[in-house]
Amino acid sequence: MSHVRSIAVRAPAKVNLQLGVGGRRDDGYHELASIFLAVSLCDRITLTAADELRVTVGGPGAVGVPADGSNIAARAVELLAKKCGLHPGVRVHIDKHIPVQGGMAGGSADAAGALVGCDALWKLGLGRPELMALAAELGSDVPFSLQGGAAFGSGRGERLTVLPVGATTHWVFATAGFGLSTPAVFAEQERRRRSAGRPWTARGIPSPRMSRKLVDALAAGDTGALADALHNDLEPVATSMRPDLTATLRTGTDAGALAGILCGSGATVGFLVSDGHRARTVAEELLSSGTCASAHIACGPVPGPEPEEIITTGEN
Ligand code: ATP
């Protein structure tokens, strides 16, 4: 009987503790000030050598995820293979748990996981700088998804500075029964700025700055101060597009969360809670209120994707 070698990788989601959105640049991207935290809500990606590149998607979050070459994990495999002059013969299976169009960078997590996993599968031994360069080509959030931990991201979010974290933070993530498209939320923010006669280009708006208050609270492990400092510029935009998100935010804080914040461009809402026990109470109340589709308990920071080798017997 033959032996089949696979690599499995856990790819964590992120929550933005701060998301400051500046004006639109000439290249179409926005200037961002983003404080990222990698959290323990993960997809699991399994990579196995095959004749050709194939993608399958399963798990509770699989709906709406493409199972073809447009999947960003497949694009990551192709990019790495092209850079190294290899044939991208890999079967990629994504066990999807990170909410799709949830503002938690689920696609970016899968791309980062695929880069790390293929590096191990093909025994390339590429260093983090080389993988980081490929990550930046794949998307603005992929470098952080590769790095994990906590970091400040400037530019379009891809220029990263590692941030110290003084204590583990506990979270509940409430998924909506719908997604919000990132480009649509940015477009709505621009429409609101223009219709209010406010500047909307990067030339007209000063670049957003990192929140010192938030960075200090994170470093000190002061969860109360962290809760006060959470801020997402896109939250009023997303809640104007989907007013039902306001009810979700209210339900979580009424249930005892220290603070609620829209994840990225939505539609998932994150709740910072004091501990794991409170997380369970908040998750149960959110679910029974009917203001969310599912509630996930998680903590952060967690490291970026790490490969794990699996040997099975049987057919490839
Ligand atoms: P972000 O937080 O980076 O703005 P998001 O979490 O809101 O992103 P994703 O779930 O990453 O959004 O995906 C957005 C779209 O990308 C999906 O609607 C889907 O069509 C496409 N997509 C491609 N590959 C993937 C993948 N591996 N996982 C999820 N979505 C994918």
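A polar side-chain atom of Thr-182 lies 2.9 Å from an oxygen atom of the ligand in this predicted model. Such a pair falls under the heading of a polar contact (a pair of N or O atoms within 3.5 Å; within protein, one must be able to donate a hydrogen and the other to accept it, and residues adjacent in sequence count only if both atoms are side-chain atoms). The backbone also takes part: an N or O atom of Gly-103 is placed 2.9 Å from a ligand oxygen atom, and for Met-104 the corresponding distance is 3.3 Å. Of the 610 Å² of accessible area that the ligand has on its own, the protein covers 79%; accessible areas come from the Shrake-Rupley method with a 1.4 Å probe, and for residues only the protein chains shown count as cover. In total, 20 residues surround the ligand, the closest being Gln-101, Gly-107, Asp-110, Asp-141 and Thr-182. A residue is included here if one of its heavy atoms lies within 4 Å of the molecule.

Because the model is predicted, local features need pLDDT of at least 70 and side-chain atom pairs count only at pLDDT 80 or more, while totals for chains, interfaces and linings use all residues. Residues are numbered from 1 along each chain as its sequence is written, and side-chain values use heavy atoms, with hydrogens and water left out.

Helices (H or I, at least four residues) and strands (E, at least two) are DSSP runs, numbered from the N terminus. Beyond its neighbours within four places in sequence, Leu-17 is in contact with residues including Ile-35, Leu-37, Trp-171, Leu-214 and Ile-261, where contact means heavy atoms within 4.5 Å.

In helix α9 (residues 244-254), the buried residues are Leu-245, Thr-248, Leu-249, Thr-251 and Gly-252. Seen down the helix axis, these residues fall within an arc of 165 degrees, so they line one face of α9; the arc is that of the directions from the axis to the C-beta atoms. Their cover includes β7 (169-175), α8 (235-241), β9 (259-262), β10 (269-273) and α10 (276-289). Just after α9, Gly-256 takes a positive phi of about 115 degrees.

Buried means under 20% relative accessible area, exposed over 50%, and partly exposed in between (1.4 Å probe, protein chains only). Thr-48, in strand β2 (residues 30-49), is buried at 3%, and its side chain makes a polar contact of 2.9 Å with that of Ser-6.

Some backbone geometries stand out. Most residues other than glycine have a negative phi, and most peptide bonds are trans. Ala-105, in the loop between β4 (90-95) and α2, has a positive phi near 60 degrees and is buried, with a relative accessible area of 12%. Lys-123, in the loop between α2 and α3 (128-138), has a positive phi of about 50 degrees but is exposed, at 65%. The peptide bond from Gly-266 to Ala-267 is cis, with omega near 15 degrees, and Ala-267 lies in the loop between β9 and β10.
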